[in-house]
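Please look over the chain shown below before reading on.

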Amino acid sequence: MRANQQELFERQRMPRQPTVARVSRPNGSINNLLPTDRAAHDWYRFVLSFPPHLVRDYADRFELNADSLLLDPFCGTGTTIVEGKKLGIPSVGIEAVPLPLLASQTKVDWSPDPDLFKAHAKNVAERVLTILERERVSDDPADNQEAIGAASLRSLREETAKLLLKGSISPLPLHKVLVLLEVLKEEHDSPYQRHELLALAKLLPSDIGNLRFGPEVGVGAIKQDAPVVSSWLSQVWRMANDMGALQAMDSAPAEALLGDARNIDGSIAPRSVDAVICSPPYPNEKDYLRIVRLESVLLGLIDNKHHLRTLKQRLVRSNTRGIYKGDEDDQWILSNRSIAKVAKAIEARRIALGKDSGFEKAYHRVTKLYFGGMARHFHSLSKVLKPGARLAYVVGDQASYLRVMIRTAKLLAEVAASQGYAVEGIDLFRTRHATATGKQLREEVLLLRWPG
C-alpha cells in the first residue's frame with residue numbers, strides 16, 4: 001500500500017430613462033476565466049463569479065492608478081481585489097462569509113516562497129500518508145475496497161454533519177480529509193496554512209465531494225472514494241508555481257475584511273474610496289452560504305445552526321432561506337412604487353397559482369428586503385466615498401419568483417438615486433439563460449457616481 005501511496009504522492013443612482021449600452025454579448029464564454037488570468041484567481045472561485053477582465057475594463061474606464069483606492073463591498077472570493085493588486089491599484093474588500101473571506105485574503109497573499117511552500121506541503125502529505133497507512137487506508141481508491149464502509153472511519157459530529165446536504169461527501173474521502181485537516185491544524189503557526197487550507201477547499205465540492213452546480217448546488221453522482229492527498233498536493237504545486245510570476249509584479253496593497261455591506265462605514269476611512277467595482281447578490285433563491293457549505297463545515301468555519309444563522313444575518317436578504325421575523329430593511333424603500341409593484345405582482349401570482357409553502361409566501365417580502373438592504377448599503381457606502389467616486393455594480397435580471405420579472409439594475413438605479421447617487425448608465429455585460437422561463441435574461445453593469 002505504501003508504494004502506491006508514494007507513487008501518487010510523487011505525481012504530481014436613476015434618471016427616468018437611463019442610458020443603456022446596447023452591446024451584443026454572448027451567453028457563455030465571456031464570463032469564463034482567460035488562461036492568462038488563472039494565477040491567483042483560480043485558486044478558489046465561485047461558479048458564478050464575474051471575470052477579471054470586467055474589473056480591468058472598468059478600472060481603465062474609471063482611470064484608476066496607484067494613487068486610487070478600489071473597493072469591493074461584496075468581495076466574495078476576491079476577483080476585484082486580486083485584479084486590483086495585479087493592476088497596481090490599492091484595493092480593499094468587505095465580505096461577510098468566512099470561507100470566501102479566507103479565499104480573498106489568501107488570493108492576495110503572494111508572500112510565500114514557492115519552494116519552501118512546496119517543501120512544507122510535501123512534509124504534511126508524508127505525515128498524512130503515514131497516518132492513513134497505519135489506519136489501513138490508502139490514498140489510492142484502487143486499494144481501498146476493504147476500507148469502504150469500515151466502522152473505524154473518522155466522521156463528523158452529528159450536529160455538524162446535519163449542516164451538510166446528505167451525500168455531500170462519501171465516508172472514505174471524508175476520513176482522508178479529516179486526517180489531512182488534523183495535520184494542517186497542527187501547523188497553525190505555519191506561514192502556508194491559509195494557502196494549504198484553500199487548496200483543499202477548492203477540491204472539496206466536486207473533486208473530492210459529490211456536489212454538482214446548476215441553478216443551485218445539489219448532490220450529483222456519488223463517488224465511493226477519491227484521492228485526497230495527491231490531489232491536494234497537485235493543487236498546492238499549481239499555487240506555488242503561480243507565486244513566482246505573481247511576486248515579479250510591482251504589486252499594490254490589497255486586503256479583505258470581515259463585515260456587513262450594509263454597514264461598512266466603520267471599516268473604511270471616511271471619504272477615502274475612489275471607485276467601487278462589485279457584484280452584489282441578486283434577488284433570487286441562491287443561498288450563497290449553501291454553495292460553500294461543505295468547505296465551510298469541514299474547515300471549521302461553520303460548526304452549528306446558531307452560527308449559520310448568525311452569518312446569514314450579516315447578509316443582504318436575497319433569498320427566502322435567509323430572512324427572519326425581525327428584518328426591517330424593507331422600511332428603506334417604502335416610497336419606491338416600482339419595487340412595491342413588483343412585490344405586489346409576485347404575491348398576486350402566488351395567490352392565483354395556489355402556492356402556499358412558507359418559502360413561496362415569502363417571495364414578495366424578500367424582494368422588498370433585498371432592495372431595502374441595498375438602500376442601506378448605498379447609504380453606508382456614501383460615507384466612505386470621495387466626491388466624484390465612480391461605481392460599477394454587476395447585477396442580473398431575475399425571474400425566480402413565480403416567473404415575475406425583476407429588472408435588478410433598473411430598480412437598483414432608483415434605489416441608489418434615492419440615496420443621492422447620480423446614475424451614469426447601464427451597460428449590457430451579457431445575456432444568460434433563465435431556467436424558470438427559458439428566456440435570455442440581461443446581466444448588466446449599473447454605473448453610478450457619488451457627487452459628494
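Leaving aside residues up to four places away in sequence, P114 touches A240, M243, G244 and Q247, where a contact means heavy atoms within 4.5 Å. This is a predicted model, in which local features need pLDDT of at least 70 and side-chain atom pairs count only at pLDDT 80 or more, while totals for chains, interfaces and linings use all residues. Residues are numbered from 1 along each chain as its sequence is written, and side-chain values use heavy atoms, with hydrogens and water left out.

P114 lies in helix α6, residues 114-134; helices (H or I, at least four residues) and strands (E, at least two) are DSSP runs numbered from the N terminus. P114 counts as buried because its relative accessible area is 18%; buried means under 20%, exposed over 50%, and partly exposed in between, with a 1.4 Å probe and protein chains only.

The chain as a whole has 17 helices and 10 strands. Its C-alpha trace spans about 70 × 55 × 40 Å along the principal axes. Of the 452 residues, 57% are buried. The chain exposes about 19100 Å², and carbon and sulfur atoms supply 49% of this area, as computed by the Shrake-Rupley method with a 1.4 Å probe.

What lies inside? In soluble globular proteins, nonpolar side chains tend to be buried together. The largest nonpolar core here has 69 residues, and V177, L204 and W232 have the most contacts inside it. Such a core is a set of buried Ala, Val, Leu, Ile, Met, Phe, Trp, Tyr and Cys residues joined through side-chain atoms within 4.5 Å. Helix α8 (residues 171-186) gives the most to this core, with nine residues. A second, separate core has 66 residues, including V55, L64, L411 and L447. Returning to W232, its contacts include A121, V124, A125, L180 and L184, as well as E196, again not counting residues up to four places away in sequence.

Most residues other than glycine have a negative phi. R271, although not a glycine, has a positive phi of about 50 degrees, and R403 has a positive phi of about 65 degrees. R271 is found in the loop between β6 (254-258) and β7 (273-278), and R403 in the loop between β8 (385-396) and α17 (408-418). R271 is exposed, with a relative accessible area of 54%; R403 is exposed at 55%.

Two further positions complete the walk. G78 sits in the loop between β2 (70-72) and α4 (79-87) and is buried, at 0% relative accessibility. Its C-alpha atom is 9.6 Å from that of A40, 38 residues apart along the chain. A345, in helix α14 (residues 337-353), is partly exposed, with a relative accessible area of 33%. The C-alpha atoms of A345 and I89, 256 residues apart along the chain, are separated by 44 Å.
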